[in-house]
Amino acid sequence: MLTYILKRLLVAIPTLLAVLTVVFFFVRIAPGDPAFIILGDQASQEALAAVRHDLGLDRPLPVQYVDFMATVLSGNLGNSLVTHRPVWQEVRNVLPYTIELTVTALIIGVALGLPLGVAAAKHRNRALDYAARIFSLIGLSFPAFVSAIMLLLAFAIQLHWFPVISEAREGDPLSRVSALVLPAVNLGLIMVAYVMRVARSSMLGVLGEDYIRTARAKGVPARVVVWRHALGNALIPVVTVVGLYLGVLIGNSVLTEIVFNRPGLGKLIVNSLNQRDYTMLQGLMVVYAFIIVIVNLLTDLTYGVVDPRVRQT
Amino acid sequence: MATFGGALVALVAISALLAPWLSPHDPLEQNVLLRLAAPTAEFPLGNDSFGRDVLSRILWGGRVSLYVSTSAVLIAIVIGGALGILAGYIGGLFDRVVMGAMDVLLSFPTLVMGLLVVAMLGPTVGNLILAITLTAVAPFARIARAPTLTIKERDFVEAGRALGFSNLRIMVVHILPNVIDDVLVMAALWLATAIRTEASLSFIGLGVRPPTATWGGMIREGFENILDSPWLAIFPSIAILIVMLGLNMVGDGLRDTSDPRLRHE
């Protein structure tokens, strides 16, 4: 297992370096001069040149590139052009909110989606299966901001069960929970739709295999066949989808944070877009890409846990 | 189910195409007296905060959404499909470089990448198409590469080579038809994703600039008046839901017929 982990880690490194390179060039080809943004259009040529010099933008591109890679890899994401505080500090302030939201959604998605998908496969073409498939079709069709607005309208504006603006009060854990419910349910339900669909189709494939028929013929109880014999093999595609889904989940969390006016990475990125805070955007891209690469790594490692055959290859 | 889904998609596509003739009013015409007015016989879906006719704006908004997402997916299919087949067919270093580049593209969450491309380059129709294409190229490259790897080892490809066919001919005439099924199934689902991405970007404020009507933009404006006039956000949402539902049904139907494992059971 250890060599498997090390091998996966080694594969992730070139991807990460390439991602950083893309971020570097992407921010540099974008139109708009950061010095201009900092000083405004009234600034003199000398002042602009001075700021460019401070930011290191007057140096040749290769020098900037090496410098960028070195500072980012040493864990320094630079300072925000707007607040002048370190980017990493701004990110760290809101990161817990986004993690809390996405992890809760992930738990809802897997805890409901997996058993529902398995049950739907087990009762194929019966009422439960149809209900599950219709639910998943509808869930897949909702853009996250549309479902968020619907939830907000129904449960916050009409029924007053939850706050309209999901802001937790300091030192009041209950308000933090009630602020989390609607956004997390919104993200979670969409994810249930995805997980359920894959769990169902993967389970259907496995249930048709010969070894399942053999187990049944030997008189193994149906419950054991489904949950022990079949689920183990049906889990791999589910792990893949959950891993891939994290990219969608991050995008959806941006939309959800906007609708519920919730602090988090999503709000941070939209604010820095509006203020043209390039270093902040650059830092956020690095953070997002890191998260995705780490998630991919975790997904690969989960394969190793779920499927012993993966570990050996 | 796929037929019903197809009908839904066709309904929306036709009403968007015929928007200039179907819409009862000019989608940009403002009427101060009718600001946030509730639905009436003359304005069946009400009026927005500028007094514009919501129904006409939804019909016109569909044009932008469908044009942007369809173009983006078509470009992604051509580029991604070509890269995938080339990578699978040529193999070796080329394969590794191309698929490595695709992995890098996949390292950015779809919406975040779209957000950054549009924010940096400016919210124009062309840049929106570019942004959405970038998010969709890698999946199509992957889906085209996988079958190519096995097909190129098959006897009929070997026979083609023995007959002296050019690599280009083998890829286009012999491999492409075997890959296209998988690609088309994905196309329906990615079209839904592309429409969602376009709407999401417009909702964030990075869509085609106002006053042009887009569904996401209308929901954004409606959301600002959510307490007084919730229908402003609800009606364009329903339009999006109809297309998404239709496309997902078509995608499901195509997948079921193309996956023999699910078909004969």
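**Ground rules**

I kept in mind that this is a predicted model, where local features need pLDDT of at least 70, side-chain atom pairs count only at pLDDT 80 or more, and totals for chains, interfaces and linings use all residues. Residues are numbered from 1 along each chain as its sequence is written, while chains are lettered from A and ligands numbered from 1 in the order in which they are written.

**Entry: chain A overall**

I started with the secondary structure of chain A and found 13 helices and 0 strands. I looked up the extent next: the C-alpha trace of chain A spans about 85 × 55 × 35 Å along its principal axes. Chain A has 313 residues, and 37% of them are buried. For burial I used the count of other C-beta atoms within 10 Å of a residue's own, with C-beta atoms placed from the backbone: 20 or more is buried, 12 or fewer is exposed, and in between is partly exposed. I also checked contacts, meaning residue pairs whose C-beta atoms, placed from the backbone, lie within 7 Å. Among contacts in chain A between residues at least 6 apart in sequence, 73% join residues at least 24 apart.

I picked Leu73(A), which is in helix H4 (residues 61-73) of chain A. Leu73(A) has 11 other C-beta atoms within 10 Å, so I noted it as exposed. From Leu73(A) to Leu17(A), 56 residues apart along the chain, the C-alpha separation is 9.2 Å.

I then turned to Ile236(A), in helix H10 of chain A. With 17 other C-beta atoms within 10 Å, Ile236(A) is partly exposed. Leaving aside its neighbours within four places in sequence, I found Ile236(A) in contact with Tyr303(A), Val306(A) and Asp307(A). The C-alpha atoms of Ile236(A) and Leu207(A) are 14 Å apart, and the two residues are 29 apart along the chain.

**Entry: where the chains meet**

I looked up the interface and got 34 residues of chain A in contact with 34 residues of chain B. Several helices of chain A each supply at least two residues to the side that touches chain B, among them H1 (2-29), H8 (173-207) and H12 (278-306). H10(A) gives the most to that side, with 7 residues. By class, the side of chain A that touches chain B has 28 nonpolar, 6 polar and no charged residues. The classes I used are nonpolar for Ala, Val, Leu, Ile, Met, Phe, Trp, Tyr, Cys and Pro, charged for Asp, Glu, Lys and Arg, and polar for the others, Gly among them.

**Entry: chain B overall**

I repeated the survey for chain B and found 11 helices and 0 strands. Its C-alpha trace spans about 75 × 45 × 30 Å along the principal axes. Of the 265 residues of chain B, 48% are buried. Among contacts in chain B between residues at least 6 apart in sequence, 70% join residues at least 24 apart.

**Entry: H1(B) against H3(B)**

I noted that helix H1 (residues 2-17) and helix H3 (residues 54-90) of chain B pack at about 110°, with axes 7 Å apart. H1(B) and H3(B) are therefore roughly perpendicular, a label for angles of 65 to 115 degrees. The residues of H1(B) that meet H3(B) include Val12(B) and Ala16(B), and those of H3(B) include Leu59(B) and Arg63(B). By class, this contact has 5 nonpolar, 2 polar and 1 charged residues.

**Entry: H5(B)**

I counted 10 of the 12 residues of H5(B) as buried, so this helix is largely enclosed by the rest of the structure. The buried ones include Thr110(B), Met113(B) and Ala119(B). The cover for the buried residues of H5(B) includes H10, H11 and H12 of chain A, together with helix H6 (125-151) and H8 of chain B. Just after H5(B), I found Gly122(B) with a positive phi of about 105°.

**Entry: H8(B)**

Where does H8(B) bend? I placed the bend, about 55°, at Leu176(B), and a proline, Pro177(B), follows within four residues. The bend at a residue is the angle between axes fitted to the seven residues ending there and the seven starting there.

Technical notes:
Contact = placed C-beta atoms within 7 Å. Axes fitted to C-alpha atoms, helices over the stretch in contact; angles between N-to-C directions. Parallel < 35°, antiparallel > 145°, perpendicular 65-115°, else oblique.
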